[in-house]
Amino acid sequence: MDASQADLKKVASYIKECQRLVILTGAGVSKESGIPTFRDKMTGLWEGYDPAKMATPEGFLKDPSLVWRWYDWRRKLVGEVQPNAGHVAMASLEARSSALESGPDHFTLVTQNVDRLHQRAGSTRVLELHGNIVTFRCFERGHQAHESIPFDLEFPPLCRCGALLRPNVVWFGEALPAAVLSAASQVARQCDLMLVVGTSALVQPAASLPYMALEGGAKVIEINPNETALTEDATTFLKGASGVVMPQLVRFLDGVN
Ligand code: OAD
C-alpha cells in the first residue's frame, strides 16, 4: 500500500518547519520520464549491459566505439524525454525555500543522475555527483570540450590535444569530483531534513549521505516504491513513485489536501 495521507501530511509539516533541506535523488526519479534505472528487475540498464564494459575507464579503452555509442544512445534518449511531475515538484520546493527562507544554503538538490532533467525542470541548486552525459571531456588530460558533439558518431571524437573525448560522467573505479562531493557532504551534515528519492542507496559514496544527515540529527525521509538498503534506518518511508508522492507533498504544503 502506498504512503498514507497521515504520513504525507507529517512529512509536509517537516518540510514546512525545516531550516535546511537536502534532496538526494537517483535514477528512480527519471523513470516516469522514460529513462531506465540501473537495478530495477527486468528493466534496469545493468540487466542488459555489463557495467565493467560500459562504465569503467578500462571498458572505454578496450572498446571506445561500443562505450561511445552506448552513451550516445542514452544522450539521445534524455533529449527526447521531458522532466516529470516529481522533478517539477522538487524544483518548486527550491523556489519556495528561496522565497521563504533567508539564505542560499537552505536548499540543495544532490543527484546521482546524469540526465540533467532536474535542471530542465527548473532546479538551480544542483550538485551532480556523477557528472552528466550531455557534456564531454578529454580522456587523457581532462580538457573540457566546448564544442557541441553531433549524434551518431561511430567513434569518439578527438580532443584538441589528440586524445579521445569521453562523456563527463563518473565511471566505476573513478573518484567523484572532489568539490562536488565535499559540498554534498557538508550540506548532508548540516541539514535538518533530507528527502532521499528514487535511489537503491547502494552506490558509495552517495549512499553515505543519508547517514551523515542522520548523524547530524536530521530526519531522513525515503520516497521509493520499493524498500532499499536505507529503509530500515530512515525516519519515515513514503512508499510510492516520485511523480506521485512529490506532488502530493507539495499539495499538502499548499494546504490543498
Ligand atoms: P538504481 O537503479 O540502483 O535504483 C533505482 C531506484 O529507484 C530503486 O530503488 C527503485 O525502487 C526506485 N524507483 C523505481 N521507480 C521509481 C519511481 N517511479 N519513483 C521513485 N523511485 C523509483 O539507481 P541509483 O540508485 O540511482 O552510477 O543508482 C546509483 C548509481 O548506480 C547510478 O548513478 C549509476 C549506477 O551504476 C554510475 O553509473 C556511476
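Here are some exercises on the structure above, each with a worked solution.

This is a predicted model, in which local features need pLDDT of at least 70 and side-chain atom pairs count only at pLDDT 80 or more, while totals for chains, interfaces and linings use all residues. Residues are numbered from 1 along each chain as its sequence is written, and side-chain values use heavy atoms, with hydrogens and water left out.

**Exercise 1. Bridges, strand by strand**

Task: how many bridges join E2 to E3, and which residue of E2 is the bridge partner of Val 22?

Solution, step by step:

- E2 and E3 run parallel and are joined by 3 bridges; here Thr 111 stands opposite Glu 128 in E3.
- On to strand E1 (residues 21-25), which pairs with E2 in the parallel sense over 5 bridges.
- The partner of Val 22 in E2 is Thr 108.
- Strand E6 (residues 193-197) and E7 also pair in the parallel sense, over 5 bridges, and Leu 195 has Ile 221 of E7 as its bridge partner.

**Exercise 2. Buried or exposed?**

Task: decide whether the residues of E2 are buried or exposed, then look at E7 and Ala 218.

Solution, step by step:

- Set the cut-offs: buried means under 20% relative accessible area, exposed over 50%, and partly exposed in between, with a 1.4 Å probe and protein chains only.
- In E2, 5 of the 5 residues are buried, so the strand is largely enclosed by the rest of the structure.
- Phe 107, Leu 109 and Thr 111 point one way from E2, Thr 108 and Val 110 point the other way, and all are buried.
- Strand E7 (residues 219-224) is mostly covered, with 5 of its 6 residues buried.
- Ala 218 sits in the loop between H10 and E7 and is buried, at 6% relative accessible area.
- Leaving aside neighbours within four places in sequence, Ala 218 is in contact (heavy atoms within 4.5 Å) with Cys 191, Asp 192, Leu 193, Ala 213 and Thr 235.

**Exercise 3. Helices against the sheet and each other**

Task: at what angle do helix H1 (residues 5-17) and helix H11 (residues 242-253) pack?

Solution, step by step:

- H1 and H11 pack at an angle of about 65°, with their axes 9 Å apart.
- That makes H1 roughly perpendicular to H11, a class covering 65 to 115 degrees, alongside roughly parallel (under 35), roughly antiparallel (over 145) and oblique (the rest).
- The contact residues of H1 include Leu 8 and Ile 15, and those of H11 include Leu 249 and Phe 252.

**Exercise 4. Backbone details**

Task: which peptide bond is cis, and what is phi of Met 42?

Solution, step by step:

- The cis bond joins Gln 204 and Pro 205, with omega about 0°; Pro 205 lies in the loop between E6 and helix H10 (209-215).
- Phi of Met 42 is near 75°, a positive value in a residue other than glycine, and Met 42 is exposed, with 73% relative accessible area.
- Arg 116 has a positive phi of about 65° although it is not a glycine, and at 27% relative accessibility Arg 116 counts as partly exposed.

Notes: Axes fitted to C-alpha atoms, helices over the stretch in contact; angles between N-to-C directions. Helix = DSSP H or I, 4+ residues; strand = E, 2+ residues; numbered from the N terminus. Pairing = 2+ DSSP bridges.
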